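Here are my notes for you on this model. Keep the structure open beside you and check each point as you read.

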Amino acid sequence: MHILTPHVYWAQRHGEIYLRVELSDAKNLDISLQENNTLQFRAQGHGAKGDNEYEFSLEFLKPVRPEIKHKSTQRQVDIKIKKQEERWWERLTLQERKPLFLAPDFDRWLDESDAEMELQAKEEKINKISVESRVRKDPYLGLKKGYLFMYNLVQFLGFSWIFVNMTVRLFILGQDSFYDTFHTTADMMYFCQMMAVLEVINPLLGLVKTGFFPAMIQVAGRNVVLFVVFGSLEDMQNKPVVFFVFYLWSTIEIFRYPFYMLACMGTEWKLLTWLRYSLWIPLYPLGVVAEAVAVIQSLPIFDESRLFSIPLPAVLGHSISFSYSLQLYLVLMFLATCQL
C-alpha cells in the first residue's frame, strides 16, 4: 500500500492552531508531537488517492503545547493545538516555503486585524460580566473607539457611494459605463484611498494592533494602481479595466468597514460576518487579477511616453523606463498573494 499525503487546511487564532485533514473514515489514527516541535500524522482512510495510508509532518514556526485534541468524522479529521505563547504567527511552519499539501482554511481564516477584532470582542464580553471591568483602565479608550468608528463609517459611506453610482450607471448605460468610470468616480476614490493612509498610521500610534507592514503593503499597492497607473495616464482612464478594479474594491469594502464599525461597539451581526469572509474568497483574487491587468496595459504607454523615466548619462543611454518598476511591482504582488 502506497503512503500518500492528504490535503491539509489550516487556520489560527492568537492562542490556537486548527488543522483540517481531508481524510474520510479515518482509521488507525496516530497523531503525536515530536521533540523538535514537529507534528506527525499517520492514518488509513479515503483521501484524494482513494483508500490508502496517508501521512504528513509539520514543523511549527513556534513552540506549541504537547496536548493535541482531534476528532475524526466521516468526512475529515479535525485537529486543535494550543500555542505555547498567545501571539500571531507569520506562517505555520518553520520552513518559509509552504508545503504543497498545505493550504489556508478559508472557513476559519482571519487576517491579523480581524483576529485582533475577534479577540477584543471576546475580551469585552468577559469584562462586562466582571465588576472590575467597569473601571476603565485607559482614560482615552472611548475617544480611540470613537475615532475608529468614525473612520470606518466615513470609509463605508465613501465606498458605498462609489458602488451605488457604478451599479446605477451600469444598469442605465450598460457597457458604455465602463469607459467613463474614472471621470465619474475618481474624486471619491481618491478621497477614500487617501483616507486609507490612516490604516498605516493607526498601528504606529497604537490605536490598533494590526501589523504596520501588512497595512502599508495593501494601501501602497492600491495607491500605485490608482494614482500612478490611472491618475497619471489619460490613456488608461477610459479603459474598461478601471470599472472592474473600482467595482471589486468597493464591493469588498462595503462589507469590511461595517464589520469593523460593529466590532468597535462590541457587536456582531452574523450575516455581515458571513458576507465579509465569504465574499472575500472570490473577490480578493479577482481584484488582484484586475490590478495586474491594469498594470500590464499601462506598460507600453509608459514606454512610449517616457513618463517617470529615470534619465541616464549619454554614454549609458537615454533613460530607464518606469515600466521596469511596474514589472517589479507585478512580481512582488504575485509573491505577496502566494503567501496567503
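1. Start in a loop. Arg306 sits in the loop between H8 and strand S10 (310-311). Its phi is near 60°, a positive value in a residue other than glycine. Most residues other than glycine have a negative phi. Arg306 is partly exposed, with a relative accessible area of 35%.

2. Now look at Phe308. This residue is also in the loop between H8 and S10. Phi of Phe308 is near 65°, again positive in a residue other than glycine. Phe308 counts as partly exposed, at 43% relative accessibility.

3. How far can you trust the picture? The model is predicted. The mean pLDDT of the protein is 87, and 89% of its residues reach 70 or more. Confidence is highest in H3, at a mean of 96. Confidence is lowest in helix H1 (residues 112-129), at a mean of 61. Where pLDDT is low, the predicted coordinates should not be read in detail.

4. Next, the overall build. The protein has nine helices and eleven strands. Of its 340 residues, 41% count as buried. Take the contacts with a separation of 6 or more: residues 24 or more positions apart account for 65% of them.

5. Compare the record with the model. In an unreviewed entry, UniProt lists residues 146-168, 188-208, 241-259, 279-302 and 314-336 under "transmembrane region". In the model, residues 241-259 are 100% helix and 0% strand. The end C-alpha atoms of that span are 28 Å apart. Residues 279-302 are likewise 100% helix and 0% strand. Here the end C-alpha atoms lie 34 Å apart.

6. Which residues touch the most other members of the largest nonpolar core? They are Phe230, Met236, Val245 and Phe246, in a core of 45 residues. Six helices are named as each supplying at least two residues of this core: H2 (141-173), H3 (181-195), H5 (212-230), H7 (241-264), H8 (270-305) and H9 (323-338). H7 gives the most, with ten residues.

7. Val245 is then in contact with Val225, Phe230, Ala290 and Glu291. Another core lies apart from the largest one.

8. A search of the whole structure finds 21 aromatic pairs. One of them is Phe41 with Phe56, and this pair is stacked. The ring centres are 4.9 Å apart, with 20° between the planes. Phe41 lies in strand S5 (residues 38-47) and Phe56 in strand S6 (residues 50-59), so the pair ties together parts that are 15 residues apart in sequence. Are these two residues buried or exposed? Both Phe41 and Phe56 are buried.

9. Phe163, Phe178, Phe243, Phe244 and Tyr247 form one cluster.

10. Finally, look for arginines over ring faces. Arg256 lies over the face of Tyr257, at 4.6 Å from the ring centre. Arg276 lies over the face of Phe259, at 5.9 Å from the ring centre.

Note on methods
Residues numbered from 1 in each chain as written. Predicted model: local features only at pLDDT ≥ 70, side-chain atom pairs only at ≥ 80, totals over all residues. Heavy atoms only, no water. UniProt positions renumbered as here; feature names shortened; annotations may be inferred. Helix = DSSP H or I, 4+ residues; strand = E, 2+ residues; numbered from the N terminus. Phe/Tyr/Trp six-rings, centres within 6.5 Å; stacked < 30°, edge-to-face > 60°. Buried < 20%, exposed > 50% of the residue type's maximum accessible area, 1.4 Å probe, protein only. Lys NZ or Arg CZ within 6 Å of the ring centre and 35° of its normal. Core = buried A, V, L, I, M, F, W, Y, C linked by side-chain atoms within 4.5 Å. Contact = heavy atoms within 4.5 Å. pLDDT = per-residue confidence, 0-100. Lists of a residue's contacts leave out its neighbours within four places in sequence.
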